[in-house]
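Dear colleague,

I am handing over the structure we spoke about, together with my notes on some of its helices, sheets and residues. Please read the notes with the coordinates open beside them.

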Amino acid sequence: MVESNWRLVYHGFNPSEEGIRESLCTLANGYIGLRGAAYESPASRIHYPGTYMAGGYNKLSTQIGGKKIYNEDLVNFPNCLPVTFKAENGEWFSPSRSKIIFYRQTLDMHKGVLKRRVRFQNKSGQRFTVETTRIVSMHDQHLISFKYIITPENYSGFITVKTMLDGAVTNSGVERYRQLSSKHLVPVSVGDFDSNGAYLLMKVSQSKITFAQASKIRIFSSGKEKKLRIKSISKGRETIARIFDLYVEKGKSYEIEKTVSVYTSKDKDVKDPLSLAVNALRGAPLFEVIYSQHIKIWDSLWKNFDIQIEADDFSQRVLRLHIFHLLQIASPHIVNIDAGLPARGLHGEAYRGHIFWDGVFAMAFYDLHMPGISKSILLYRYRRLNAARHAARQCGFKGAVYPWQSGATGEEETQAIHLNPLSGEWGPDYSCNQRHVSLAIAYNIWQHYVRTEDINFIIHYGAEMFLSIARFFASLAEFS
């Protein structure tokens, strides 16, 4: 196995490239996705931490030009990443504000792991090495876990560590949407549990999804767990931060493990997501166990999905990058989730996280390797067949016509007006008149049957969709 074909490696910290790096280094498991953002930095012109849940949409209104318009977004949910530290009388570490001596970030696609190694010097001349390892568990869709290792190079003494769950986030990742309403989350409660746990409960304003996030912190050095010496707990309406002191010795490493669990009211058979999130962490294993379980699943996925080409290392790596992200967007977990295939995956807010016709380009990949995934994507459309029929009637036609942009309900989510990035002016958006998304769905249904011979899908779901789409285009036709 050629290691370079499985890795995406960045050398040096480059603020102008951080946005694209964060997108390409996104980790997801089909249920939830985390952009590959720095732990130490909130949203800024350089960094944009984003947390996205499959099917996690919300609709807000905005007054523009005297008109109220509605836009639906894939919600940016609370950020569980924040961890940073400082030496006595020093400043908080942030890659974009500290003197970087060495920086390397590695996405290991075979294992589904994001690693980073940074050496930096603060204004007092104190040097530290920080090594991090992050996973979004493919074994347990509700778990996120990472290890944050601090090694002082020329300093012994106390450091102050701050870790947080941040629900004070907005959808501000796409510049052209920033004039629109972007505050989707409403705080419900924050709190702590046991000696090392914290939780955050938020509700989405319009779609009423309840989102529970809990975290647990543990510290290790020389293979032994150290007692967490809490200095303060800061609770806001939308955030909870823990600050603790840690005595460190020059040359020794100190491992901070942060494991996060996420449950929502959208989850199947879940009535109390907060209790489940907290209880999941009370019984959660150490990072190494979660890591081991996670990479075993990725290993089995690659044995099923990998496509190998010879004599071109670059093309092999890029092909695996595409496969990797497809499996993160629509993993085996999607069979229990009501979600389609968003144009930008769980990687960011472009296209508002909506589902277009991109499935037509990816369905063969799933059909041939794991048809349960492609069937789930088609069932997302079947559950919205009544909305497609209503849309056809509204246009004065028969059958069913699917929206150009689809989200939670299957209604047309293409915005009524659109910002022209060249003129900077808002004008009518006519892209909802693109009808070929329905033809792509019909084509996907037929090809799914050809490739899988799943006659039960055709009998119970596929034929009804296919014929409804055919009726629409028949009624659209005019005799000449």
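I begin with a pair of helices: α7 and α9 are roughly parallel to each other, a label given to angles under 35 degrees, while over 145 counts as roughly antiparallel, 65 to 115 as roughly perpendicular and the rest as oblique. The reason is that the axes of α7 (residues 385–394) and α9 cross at roughly 10 degrees and come within 11 Å, where axes are lines fitted to C-alpha atoms, for helices over the stretch in contact, and angles run from 0 to 180 degrees between N-to-C directions. At this meeting, Leu385, Arg389 and Ala392 of α7 touch Glu464, Met465, Ser468 and Phe472 of α9, contact being taken as heavy atoms within 4.5 Å. Helices (H or I, at least four residues) and strands (E, at least two) are DSSP runs, numbered from the N terminus.

Before going on, please note that this is a predicted model, in which local features need pLDDT of at least 70 and side-chain atom pairs count only at pLDDT 80 or more, whereas totals for chains, interfaces and linings use all residues. Residues are numbered from 1 along each chain as its sequence is written, and side-chain values use heavy atoms, with hydrogens and water left out.

α8 and α9 pack at an angle of about 150 degrees with their axes 9 Å apart, which makes α8 roughly antiparallel to α9. The crossing of α8 past α9 is left-handed, meaning that the near helix is turned anticlockwise from the far one by less than a right angle, whereas clockwise would be right-handed. Among the residues that α8 brings to this contact are Leu439, Ile445, Trp446 and Tyr449, and those of α9 include Phe457, Met465, Phe466 and Phe473.

The buried residues of α8 (under 20% relative accessible area, with exposed meaning over 50% and partly exposed in between, for a 1.4 Å probe and protein chains only) include Val437, Ile441, Asn444 and His448. The buried residues of this helix pack against α5 (359–369), α6 (371–382) and α9 (455–476). Val437, which lies in α8, has a relative accessible area of 0% and is buried; leaving aside residues up to four places away in sequence, Val437 touches Phe356, Trp357, Arg381, Tyr402, Pro403 and Trp404. Just after the helix, Glu453 takes a positive phi of about 55 degrees.

Turning to the sheets, four strands form an open sheet in the order β7-β12-β18-β17, with antiparallel pairing, where two strands pair if DSSP finds at least two bridges between them. Its edge strands are β7 (83–87) and β17 (230–235), each of which pairs on one side only, and the twist averages 20 degrees from one strand to the next. Going across the sheet, β7 is joined to β12 (residues 157–166) by five bridges, with Thr84 partnered by Lys162; β12 is joined to β18 by 10 bridges, with Met164 opposite Ala241; and β17 pairs with β18 over five bridges, with Ile230 partnered by Phe244. A hairpin of three residues links β17 to β18, and in β18 (residues 239–248) eight of the 10 residues are buried.

A second open sheet has three strands in the order β2-β3-β4, also with antiparallel pairing. Here β2 (27–28) and β4 (51–53) are the edge strands with a single partner each, so one side of each is left without a neighbour in the sheet. Three bridges join β3 (residues 32–34) to β4, and Ile32 stands opposite Met53.

Finally, Pro95 lies in the loop between β7 and β8 (99–108) and, at 2% relative accessibility, counts as buried. Leaving out residues up to four places away in sequence, Pro95 touches Phe13, Ala38, Glu40, Ser41, Ile100, Tyr103 and Arg116. The C-alpha atoms of Pro95 and Ser137 are separated by 26 Å, the two residues being 42 apart along the chain.

With best wishes
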